[in-house]
Amino acid sequence: MASVDTSLPAKPTGLAADFASEHEREHPLKLYGGWFCPFVQRTWIVLHEKDIPHQYIEINPYQKAPEFLALNPRGLVPTLAVPVGNGGHAQKPLYESTIICEFLDEAYDDEATYGKSLLPSGNAYERARCRLWIEHVGSKIVPGFYKLLQHTPEKGYSIEEARGNLLGQIKTFVKEMDAGGPWFLGERFSLVDVVLAPWAKRLFLIDHYKPGGVGIPAEGTAGEDEEVWKRWRVWLGAITKRKSVVETWSADEMYIEAYKRYAEDTTQSEVAQATRKGERLP
Ligand SMILES: N[C@@H](CCC(=O)N[C@@H](CS)C(=O)NCC(=O)O)C(=O)O
């Protein structure tokens, strides 16, 4: 594995460091994560939202330690160790961020203790609609983010194409949002908001590294799309201030450092390699 990815700073910083150290004590529910990872941040946000007791264990997923691979043969974070049986001493692994998020929401469902479910209970259609847009985030917006971030002049596609694709996928998503706001489901915060939050927070990296940036039109300049981008700004403003998002975020400059290799398209991470080859993300 290339040294570029194993040289990452080893620990969270900023408010994420506080959240991590509040959860460093031994606990049978364990999240193995990397502070820089947006997929991990999804899981972290759910644990924070529901105030679920757990232990956070920072690892470097690029190093593929045998104990880590034993839990998750895909060798990716987030990986969750879930207590099983009465004593809670044995654990079973779970991985894939969206599956972990749904699992946590379902397994910790006592409203008095953990608050409202993050998917609308009692309405199968609305839950399915949420999953549809969670899928859109994972299969359209997230790959679009990396395609633009990893764009270099040698690519077989232009930066305008990559930008147009990302903006188009975001627009499609925003048009599905409840008009009232601020959240995707209007007043109700849900997993749909959670799954996009980490990349919404990371959009500034594209503005930092790529000529022309993300290219979201400034207020009053979007013509017929004015309402769509207005709704986006309402959501973006709310999500970037949400406590669970803010408190799982390290210092901005750390992300700038960690994502430099994406911007230069030299990282050997699985996500980056899949993007380079035009394949589905891992
Ligand atoms: N589909 C996975 C993706 C997770 C993922 O790609 N995690 C990255 C860190 S952001 C990782 O562990 N990469 C290790 C590698 O690329 O070798 C999920 O949703 O959990």
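Is Asp51 buried or exposed? At 59% relative accessibility, Asp51 counts as exposed (over 50% is exposed, under 20% relative accessible area is buried and anything in between is partly exposed, using a 1.4 Å probe and protein chains only). Before we go further, please keep in mind that this is a predicted model, in which local features need pLDDT of at least 70 and side-chain atom pairs count only at pLDDT 80 or more, while totals for chains, interfaces and linings use all residues. Residues are numbered from 1 along each chain as its sequence is written, and side-chain values use heavy atoms, with hydrogens and water left out.

Let us stay with Asp51 for a moment. Asp51 sits in the loop between H3 and strand S2 (55-58); helices (H or I, at least four residues) and strands (E, at least two) are DSSP runs, numbered from the N terminus. Although Asp51 is not a glycine, its phi is positive, at about 50 degrees. Most residues other than glycine have a negative phi, and most peptide bonds are trans. Glu96 is also not a glycine and has a positive phi, of about 80 degrees. Look for Glu96 in the loop between strand S4 (90-95) and helix H5 (97-107); with 26% relative accessibility, Glu96 counts as partly exposed.

The peptide bonds have something to show as well. Val77 and Pro78 are joined by a cis peptide bond, with omega about 5 degrees, and Pro78 belongs to the loop between helix H4 (66-71) and strand S3 (79-84). Further along, the bond from Gly181 to Pro182 is cis, its omega being near 5 degrees. Here the proline, Pro182, is in the loop between helix H8 (159-175) and H9.

Now step back to the whole chain. Its domain assignment gives domain 1 (3-114) and domain 2 (124-277), with bounds that come from an automatic or database assignment. Taken over C-alpha atoms, the centres of domain 1 and domain 2 are separated by 23 Å. Domain 1 brings 30 residues to the contact and domain 2 brings 36 residues, where contact means heavy atoms within 4.5 Å.

What lies between the domains? The largest nonpolar core has 82 residues, and Leu104, Tyr146 and Phe173 touch the most other members. Such a core is a set of buried Ala, Val, Leu, Ile, Met, Phe, Trp, Tyr and Cys residues joined through side-chain atoms within 4.5 Å. Helix H9 (residues 191-209) gives the largest share of this core, eleven residues. Both domain 1 (3-114) and domain 2 (124-277) contribute residues to this core, so it lies between them.

Leaving aside neighbours within four places in sequence, Tyr146 is in contact with Pro38, Phe39, Trp199, Tyr262, Val271, Thr275 and Leu281. Helix H3 (residues 38-49) and helix H7 (residues 124-149) pack at about 135 degrees, with their axes 13 Å apart; axes are lines fitted to C-alpha atoms, for helices over the stretch in contact, and angles run from 0 to 180 degrees between N-to-C directions. H3 and H7 are therefore oblique to each other (under 35 degrees is roughly parallel, over 145 roughly antiparallel, 65 to 115 roughly perpendicular and the rest oblique). Pro38, Phe39 and Arg42 of H3 meet Val137, Val142 and Tyr146 of H7.

Helix H9 has a partner too. The axes of H9 and helix H10 (residues 226-241) come within 10 Å and cross at roughly 90 degrees, which makes H9 roughly perpendicular to H10. From H9 the contact takes Asp193, Leu196, Ala197, Ala200, Lys201 and Leu203, and from H10 it takes Trp232, Trp235, Leu236, Ile239 and Thr240.

Val192 lies in helix H9 and is buried, with a relative accessible area of 0%. Apart from neighbours within four places in sequence, Val192 is in contact with Cys130, Trp133, Ile134, Phe173 and Phe184. Arg233 lies in helix H10 and, at 28% relative accessibility, counts as partly exposed. With neighbours within four places in sequence again left out, Arg233 is in contact with Pro217, Ala218, Glu219 and Glu226.
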